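Please look through the structure shown here together with its sequence. The questions that follow go through parts of it in turn.

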Amino acid sequence: MIIKFLLILKIAWRSIWRNKRRTFISLFSILIATCVPTFFVCIAWGFYAGLVDDVARLMAGHVTYEHVEYRNSPSNDLWVDDIQKINRILNDKDEVLSTKQIVNLQGVAHTAKGAVGVSLMGIEPSKEIEISFLPESIIAGEYLSQGDGRWVIVGTKLAEQLNIKVGKKFVFTTNDINGEMVEDLFRVKGIFETGSKQIDGHFVQSDISFARKIAGLDNNSTSQLGIIVKNSDTHENLLKEWQNKLARNNGVFLSWQQIMPDIATTIRMDRTAVVSFMFMLVVIVLFTMFSTILMSTLERKREFASLLALGTQQIELKLQIFFETFIFGIIACPLGSLLGVGLAKWVEGYDMMNIFEDVNPEDMEIGGFGMDTVITPFFSTSLTLQISISFFCAVLLLSVLPIYLISRISITDELRST
Amino acid sequence: MNTKREITSLHEVVKNYGEGKVVTKALQGISLKILEGDFSVMMGPSGCGKSTLLNIIGGLDRATSGDVKFNDQDFNTLSNKALSMIRRQHIGFVFQNFNLLPVLNAYENAEYVLMLQGVSPTKRREKVMHLFQEMGLDGLENRYPRELSGGQQQRVAIARAVATEPQLVLADEITANVDSKTAQSLLELMAALNKNNNTTFLFSTHDPSVIKFAKKIIILKDGIINSEKASSEEIERFTHK
């Protein structure tokens, strides 16, 4: 059995090298067909992962704990309590990188120049420095520190609209948790620029203690508790566990897809577009490859007929053709994937704005959040293997028709033909 | 009294090609016996059914009607797979166009069927090297078919056919693509194999040089056996077709 197996493998190996140029073209086709999607998936998935991570870190984490009705109506009087205990338990978990307590207050910021609707986010500055990119986006003044009180940071667009600079003040009007209108004076400590119109124009950050004071919340209550997980792919599994074990009566754990459905939908649509484009590309390339395999099989019909005459079984010939495509796939698919990963590694850190000079960075937004234009590919062994194995299977499928045709070969007809 | 064992027998074998009104009758009731140790030559004009008959005897094709038996096994009742196994184990083929596998060298071509049979590497080597020596193929083991002359390729094809020591070797116009000197040496070689190893041969040919080696001559005409002993006129007539 092994002797036969090795014999068939030997014939298959030598057969594919009979026409070296054709073999190299075929190998190159499969290699490109595997390389291009691997490369684009690394890049695209990297963008998505980067975007999700940035937004999760800036806003309310990969998983958010909040009042059960907060999603429908994010008003100031919907908060969750017993937060310090939940926070402590979550921080002890291996899957959790960090947590952030958030007090959100919707209100109006006004100066003599005008009034703008804003969202005030009270955060813990020391944690925010560790997890969010916002502290690095400060272009004037400084980022917040613990106990900063009424000092806040605002976006460039908001500063422009209210005509305020670092050190200047504005009035913030909102409702407390009892529905009473409250007003307080804020002073600008820093101005940030993220490239997102939404964030730069309507977002204010302050120390959480001061936000709690305005809202009338105690230290054990927040609007949200954001949880940054180490591996954002695993958060779905954690949701159920945390909901069962940690959530209080009025609290619910939600995924970032539920918190930011716009981004989730956009990413899903974009992924579908990328995958569809890749699929079409692959079909074209594999069709070329299919023609080559079919041609190389059909032109050897006489040879196959003589082997059948000598007592070779149909199954052995089919195995030979299968091996030929198997060899193509096993060489080209892993190489293509590796090349795709290598290319993605090569362009890592490259700023796409160098290519798209005419594009305004502010237009590079998904769901109101600015995209990082610097390429940060996403490298995943399982994803690369998935692509490689999918292509390998597709290549193997190419042998089905040639195998079928060989099974219908007429020995006498082929031997009679010259 | 004939004490030779019967290897293959045909009874009233008919082979038609096509269907309906366009039917070509290739064989019209052939009855024939091939005995162990025969060195038979089948002759006849082009299109008389020689190759069709060889194909049916070798299990490459099936008769439209009639019985074909090999070692008492009825080909009509056997599956394609079973026929294939019979060819592998008991029948050797030598083709007009050699039909060597271009990706295997001479040695590998000759050992091909032995490998299919699962013969051990030592035995294969022993058999093939012995045959190569006997057939004047020494030193050509590593050459690929494209590096061999027509005569050398046909020798390799014969070596491949007889390496498994088959009960029957079917040879279809094997001297057609080689020069007369080579043809002579190939026939001498097969006659020697017939004599020394008692290998049974059945040839189809137009070549008169084959006749002098024949122990039995079968004349085929219009799909029927005209005679099993040919006159010199008949031989003269068919060899120039």
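Q: Through how many residues does a hairpin join β2(A) to β3(A)?
A: This is a predicted model, in which local features need pLDDT of at least 70 and side-chain atom pairs count only at pLDDT 80 or more, while totals for chains, interfaces and linings use all residues. Residues are numbered from 1 along each chain as its sequence is written, and chains are lettered from A and ligands numbered from 1 in the order in which they are written. Strands (E, at least two residues) and helices (H or I, at least four) are DSSP runs numbered from the N terminus, and two strands pair if DSSP finds at least two bridges between them. β2(A) and β3(A), residues 115-123, pair in the antiparallel sense over 8 bridges, and the hairpin that joins them runs through 4 residues.

Q: Which residue of β9(A) stands opposite A:Thr99?
A: Strand β2 of chain A, residues 96-110, is joined by 6 bridges to strand β9 of chain A, residues 224-229, and the two run antiparallel. Within β9(A), the residue opposite A:Thr99 is A:Ile227.

Q: Which residue in β6(A) is the bridge partner of A:Val108?
A: β2(A) also runs antiparallel to strand β6 of chain A, residues 169-175, to which 4 bridges join it. In β6(A), the bridge partner of A:Val108 is A:Thr173.

Q: Which element gives the most to the side of chain B that touches chain A?
A: Counting two residues as in contact if their C-beta atoms, placed from the backbone, lie within 7 Å, 20 residues of chain B are in contact with 18 residues of chain A. The elements that give two or more residues to this side of chain B are α2 (80-90) and α3 (106-117) of chain B. The one that gives the most, with 5 residues, is α2(B).

Q: What percentage of the residues in chain B is buried?
A: Chain B has 8 helices and 10 strands. Of its 241 residues, the buried ones make up 46%.

Notes. A residue is buried if 20 or more other C-beta atoms lie within 10 Å of its own, exposed if 12 or fewer, and partly exposed in between; C-beta atoms are placed from the backbone.
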